[in-house]
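These are my notebook entries on a structure I examined. I looked up the surroundings of the ligand and then the pairing of charged side chains.

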Amino acid sequence: MQPGSSPADPIVGIDLGTTNSLVAYCEPSGPRVLGEGSGGAMVPSVVRYHTSGSVTVGAKAREDRNAFPAETVSSAKRLMGRSARECAEFARGFSVPLVEGPRGLAALAVAGRTRTPQEVAADILRELRAIAEADLGVPVRRAVITVPAYFDDAQRQATRDAARLAGLEAVRIVNEPTAAALAYGIGQSRRSERIAVYDLGGGTFDVTVLDIVPGHEAGTGADCFQVLSTAGDTALGGDDVDRAIVDRWIAQGAPVRAEHDRAALVHAAERAKVALFAQERVTVECTLSVGVHPCTLDRAELDEVCRPLVARTLDACARALRDAQCTAREIDRVVLVGGSTRLAAVREAVARFFGQQPYTALDPDRVVALGAAVQAAIVGGGRRDLLLLDVIPLSLGIETVGGTIAKLVMRNSPIPTRAHERFSTSKDGQTSVRIHVLQGERELAEHCRSLGTFDLRGIPPMPAGIPQIEVLFTVDQNGVLVVTAVEKRSGTEASIQVVPSYGLTLEEVERIERESLEHARADMTVHRVIDLRVHSELDLKWIGEALVRVRGKLEAGYIAELEAAMAAVRARCEAAARDPRAVEPDGFHAAKQALDRLSMRVHETSIAETLRG
Ligand code: ADP
Ligand code: MG
């Protein structure tokens, strides 16, 4: 019997990656990556063995890699549990010599000593353990550790040995694609699902087809994850993208005089590639031996560089489907894993290949660690069945003008569910709108939980209120929310994906419900005042414009009366803009109605003028 996971004796989840490693822990509110606050959450899987005997792990070791190649080990995971003979081919790319260790296994000669890949992995695990202990404030002795689905028994055993060397008990070794699925809550719904996990990391690619059968169907009580097939390429990843960018720059005239120039360009290429996630074009200043050289890259060039690499990943996807004896259409879900799946070229190609939008709501280089933490919670007996997942625990909506929330999906709606609503712009000529996705029961955005924002751009300039923006919410059976906004005339579209239940506990949902009841009356009043203000401001604008056009056609007495009514409404709008709670809605409503009645004439006159003109 295993003692359960508890805050005093936690079981953490570890993604021991080829390029980067992370540790996560599952709290009642869901899993989170540890060390995020101190900035060192993602640990590069790089270890430097100084000749003095000291050891550096992570970002610092990676920075110094080019200066101290003979002391630095990267990608040791590729050697885990494999014979020196098997590894001879690709280990030529290593900066330290491959040697034969005990039982013919692969090892490395570094800083005057032979080190097994388990020892290197143990140094990384020790670092992760320290991060976890610093974050959680208790000793950490047990972990769930992930490995690629294609790892054989020897490779899994080597991973366990590495954990033991680091003072950690590996209570479970879990497949990386299984962990990714768990992070998305797949398997917690009532139906079984077939999923494909597409994992493009730094140096390796793999795709796995899994069947997930919920416990009650499997007859075992526990969810069953069955790997149907896996395919991939152990020498294909983000590093290849970086190298291809460098080749391009060299062909364009970047001066390479020494080996370290190339290394500097590789570093710049990675920075440029990552920056293009959020911008269209980037220039990176790169210090080469002949001086500082500006290196430029844009989205289209990056796409072109990626194209042959992406094509190779799709070949592997086709192989995996063939081995699993199914078609792309029979895949219920596609999950993206690995930092390189942030590449737009990858996302688009995968969506086209499988004929569906893949899951991207969770950060692709954190999702495996998050899933490992979920598995750790399950192993430790604290199964996260708090907010699962038959209904929407809290209403979902978007922020509207004036800071209120328009709810599209109501609390307690059964999932899957979908809803849509029309919105428009609030300013003349507005070409973009920011969509702020919210969760909660109150009436004001500031009292709701923010789930994320995105911008819909490229709206053709039109007067306020004319563009038709359709906002669509879909929540699928795993509780993943997709919000899409489409402007009808131009067809321009944007969307966001989130997991609304993350960061929420049962207690918190109950607190939010309680507060919404306590504030119901006051909230409704404020919401009404804000709506009155938003509508009145548009009215005032239209009346003002019409009045400018036809002032000469109206008698002075009417104009004076109209302007007094406008002033009364404007004063309330201004008061409401300062503090909507300070405005009494019935009086506001009456003033607005009076203005509505009076303004008929100016509008009619204006229309008549327009028709005549
Ligand atoms: P691994 O599983 O091999 O440890 P990761 O999942 O951490 O690797 O992925 C690392 C790779 O992701 C690196 O090649 C890195 O350059 C790439 N990467 C990270 N962020 C981005 C981004 N925004 N765009 C493109 N590639 C990225
Ligand atoms: Mg990985």
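**Entry 1: polar contacts of the ligand.** I began with Gly339, where a polar backbone atom is 3.0 Å from an oxygen atom of ligand 1. The model I used is predicted. I then looked up Glu270 and found an N or O atom of its side chain 2.5 Å from an oxygen atom of ligand 1. For Arg342, a polar side-chain atom lies 3.0 Å from a nitrogen atom of the ligand. I also recorded the area of ligand 1: taken alone, the ligand exposes 580 Å², and the protein buries 90% of that.

**Entry 2: the shell around the ligand.** I noted that 17 residues surround ligand 1. The closest are Thr19, Asn20, Glu270, Lys273 and Gly339. By type, the shell divides into ten polar, four charged and three nonpolar residues. The largest share, three residues, comes from H8.

**Entry 3: the position of the ligand.**

**Entry 4: salt bridges.** I recalled that side chains of opposite charge can pair when their charged atoms come close. A search of the whole structure gave 50 salt bridges. I noted one network of them, which links Glu36, Arg342, Asp363, Asp365 and Arg366.

**Entry 5: Glu563 and Arg551.** I looked up the salt bridge between Glu563 and Arg551, whose closest N and O atoms are 2.6 Å apart. Glu563 lies in helix H14 (residues 556-578) and Arg551 in the loop between helix H13 (520-550) and H14, so this pair ties together parts that are twelve residues apart in sequence. Glu563 is partly exposed at 34% relative accessibility, and Arg551 is partly exposed at 39%.

**Entry 6: two further pairs.** Asp455 forms a salt bridge with Arg457, with 3.3 Å between the closest N and O atoms. Is Arg457 buried or exposed? I found Arg457 to be exposed because its relative accessible area is 55%, and exposed means over 50%. Asp455, at 21%, is partly exposed. In the salt bridge of Arg581 with Asp579, the closest N and O atoms are 3.6 Å apart. I recorded Arg581 as partly exposed at 47% and Asp579 as partly exposed at 31%.

Terms used: Residues numbered from 1 in each chain as written. Chains lettered and ligands numbered in written order. Predicted model: local features only at pLDDT ≥ 70, side-chain atom pairs only at ≥ 80, totals over all residues. Heavy atoms only, no water. Near = heavy atom within 4 Å. Polar contact = N/O pair within 3.5 Å; in protein donor to acceptor, adjacent residues only side chain to side chain. Areas by Shrake-Rupley, 256 points an atom, 1.4 Å probe, with all protein chains shown as cover. Helix = DSSP H or I, 4+ residues; strand = E, 2+ residues; numbered from the N terminus. Nonpolar A, V, L, I, M, F, W, Y, C, P; charged D, E, K, R; others polar. Salt bridge = Lys/Arg side-chain N within 4 Å of Asp/Glu carboxyl O. Buried < 20%, exposed > 50% of the residue type's maximum accessible area, 1.4 Å probe, protein only.
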